[in-house]
Amino acid sequence: MDHPPPRILRTVTGELAAEAVRGPVLPHEHLVLDLDRQGDGAAVLDAEHHAASVTGELSSLRLRFGLSLIVELTCRGMGRDVRALARISRETGVPVVAATGWYYEPFHTPEVDTTDVDQLAAVLVREIEDGIGATGIRPGVLGEIGSHGDLPTPAEAKVLRAAGRAALATGLPLATHAQLGRGGLAQLDLLMAEGLPAERICIGHQDLLDDPGVHRGLAERGAYVAFDTVGKESYQSDATRLRLLSALVEAGHGDRALLSCDISRHGYLRGEGGQGYGHLFENFLPAFRAAGADEDLIDLLTRRNPLRFLTGADVEEN
């Protein structure tokens with residue numbers, strides 16, 4: 001019997017066949033990060049945290065839940081460090097996909113102001129084809145490409161368009177940051193206007209927007225709908241997230257949902273009293289099972305959907 005060729009994931013430690021990923025995927029996380037604009041060091045995940053907490057959490061999740069892949073969406077202007085990602089991946093045994101792109105406007109790097117869309121797209125394509133800096137490590141996703149508000153600012157529209165063109169040119173998928181869940185439909189409109197198919201796009205932070213109609217609208221057009229801040233109760237209750245996810249599944253769009261925790265401050269780490277990267281597996285999914293979700297649906301949401309988003313192709317059921 002003939003088998004299709006393997007779908008290849010580009011990780012920080014080398015290529016990986018998607019078919020080799022047999023356990024769950026966290027499709028929107030941060031392992032190394034610096035978003036500190038207040039000077040208080042809160043929105044940081046640095047070397048101290050990697051050694052003390054991050055590697056321990058990921059190693060434990062691999063052993064306890066079979067964690068098999070992390071998509072790390074720290075991009076340009078967010079404190080990206082792909083050498084550290086490779087070190088964390090080797091130490092934990094968990095493959096990691098790195099990202100390129102630009103976050104929302106307060107974190108844009110200087111070239112965004114002085115460079116046009118085609119030139120910005122060329123910057124991203126060079127990183128994708130040649131590697132990030134001198135590391136040789138190539139991104140496997142564009143993200144998290146950001147905007148805030150119901151419409152992107154002109155600068156945000158510029159980087160969204162550039163990222164869309166780079167995704168189209170390279171075949172990589174694109175994940176967005178929609179601040180507090182707002183503006184996702186506008187992001188999708190803009191990216192699709194660049195020719196990027198909806199099924200190569202994931203609209204971020206939709207679990208922060210209590211609007212099932214928007215979620216259905218995104219999914220009906222073919223985009224992925226990210227419920228990716230699971231456990232961030234100060235922004236939204238997990239009970240609301242569970243209701244919104246259930247509504248999307250019941251509307252027939254379970255194949256469009258992605259689940260993750262978006263750990264983006266050291267205070268969210270388990271070792272510092274936070275919910276940790278494992279909150280999805282330890283708390284949210286058990287509640288979803290109690291609400292009636294079966295193991296095939298769990299596998300769809302936590303493995304097959306993110307792998308389809310990353311590769312553009314279906315993988316086998318477990």
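Reader: Is Arg270 buried or exposed, or partly exposed, and what is its relative accessible area?

Author: In this predicted model, the assignment rests on two cut-offs: buried means under 20% relative accessible area and exposed means over 50%. Arg270 falls in between and is partly exposed, with a relative accessible area of 40%.

Reader: Which residue meets the side chain of Arg270 in a salt bridge, and where do the two partners lie?

Author: The N to O distance of this salt bridge is 2.6 Å. Arg270 belongs to the loop between strand S13 (257-259) and helix H9 (279-290), while its partner is in helix H9, so the contact ties together parts twelve residues apart in sequence.

Reader: Are Asp207 and Arg241 buried or exposed?

Author: Asp207 and Arg241 form a salt bridge, with their closest N and O atoms 2.8 Å apart. Asp207 is in the loop between strand S11 (201-203) and helix H7 (212-220), and Arg241 is in helix H8 (residues 238-250). Both Asp207 and Arg241 are buried.

Reader: Which strands stand at the edges of the open sheet of three strands?

Author: The strand order is S3-S6-S7, with parallel pairing. Each edge strand has a single partner strand, so one side of each lacks a neighbour in the sheet; these are S3 (25-29) and S7 (96-97).

Conventions:
Residues numbered from 1 in each chain as written. Predicted model: local features only at pLDDT ≥ 70, side-chain atom pairs only at ≥ 80, totals over all residues. Heavy atoms only, no water. Pairing = 2+ DSSP bridges. Helix = DSSP H or I, 4+ residues; strand = E, 2+ residues; numbered from the N terminus. Salt bridge = Lys/Arg side-chain N within 4 Å of Asp/Glu carboxyl O. Buried < 20%, exposed > 50% of the residue type's maximum accessible area, 1.4 Å probe, protein only.
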